[in-house]
Amino acid sequence: TENVALAVGLATAFRRPEEARVDAGARVAALRDAFVTEVLHRVPGALLTGPVVGDRLADGTDARLPSVASFCFPGTSGEAVLLQLEERGIIVSSGSACAAGEDDPSPTLLAIGLPPEVAQTAVRFTFSPTTTPADLTAAASALESSLRELARLR
């Protein structure tokens, strides 16, 4: 005799984490979009890399990863921004994930049409399900003051 109760319990155990993952992805994507809007409002000349927020793929899914926002800041070294943010307690990455640790511009950023000198200015912010709106406001504020400091030093 098949253990129906166990089969139903197992199906439920598999379904719940998937539902939680989808819910968390949507929440993180909403935070990402709010962060992108705030950065583009606060930082004149900031360029969001990749698809425009709100773009959808043919199957209707978001064209952007929910947990990543990457910007270029033409005229400012991505590494310098990274160091300034680190001093302010904000940890980010420069370039793109596929080129982490490389000195050359990211091939991915070059492939989407960014000139090498702009691709070198990329900074990537990554969010998690534990990220809060207050975290993002603090990061946007730290980014704004970091870029202001770097402009003053030039």
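A salt bridge is a side-chain nitrogen of Lys or Arg within 4 Å of a carboxyl oxygen of Asp or Glu. Six salt bridges are found in this structure. It is a predicted model, where local features need pLDDT of at least 70 and side-chain atom pairs count only at pLDDT 80 or more, while totals for chains, interfaces and linings use all residues. Residues are numbered from 1 along each chain as its sequence is written, and side-chain values use heavy atoms, with hydrogens and water left out.

**Asp 62 and Arg 32**
- These two residues form a salt bridge, with their closest N and O atoms 2.8 Å apart.
- Arg 32 sits in helix H1 (residues 4-42), and Asp 62 in the loop between strand S1 (47-48) and strand S2 (68-72), 30 residues apart.
- Helices (H or I, at least four residues) and strands (E, at least two) are DSSP runs, numbered from the N terminus.
- Arg 32 is buried at 0% relative accessibility, whereas Asp 62 is partly exposed at 23%.
- Here, buried means under 20% relative accessible area, exposed over 50%, and partly exposed in between (1.4 Å probe, protein chains only).

**Glu 144 and its partners**
- Glu 144 forms a salt bridge with Arg 42, the closest N and O atoms being 3.0 Å apart.
- Glu 144 is in helix H5 (residues 133-153) and Arg 42 in helix H1, so this pair ties together parts 102 residues apart in sequence.
- Glu 144 also meets Arg 148 in a salt bridge (3.8 Å, N to O); both lie in helix H5, four residues apart, about one turn of the helix.
- Arg 148 is exposed at 52% relative accessibility, while Glu 144 is partly exposed at 24%.

**A linked network**
- Salt bridges join Glu 38, Arg 42, Glu 144 and Arg 148 in a network.
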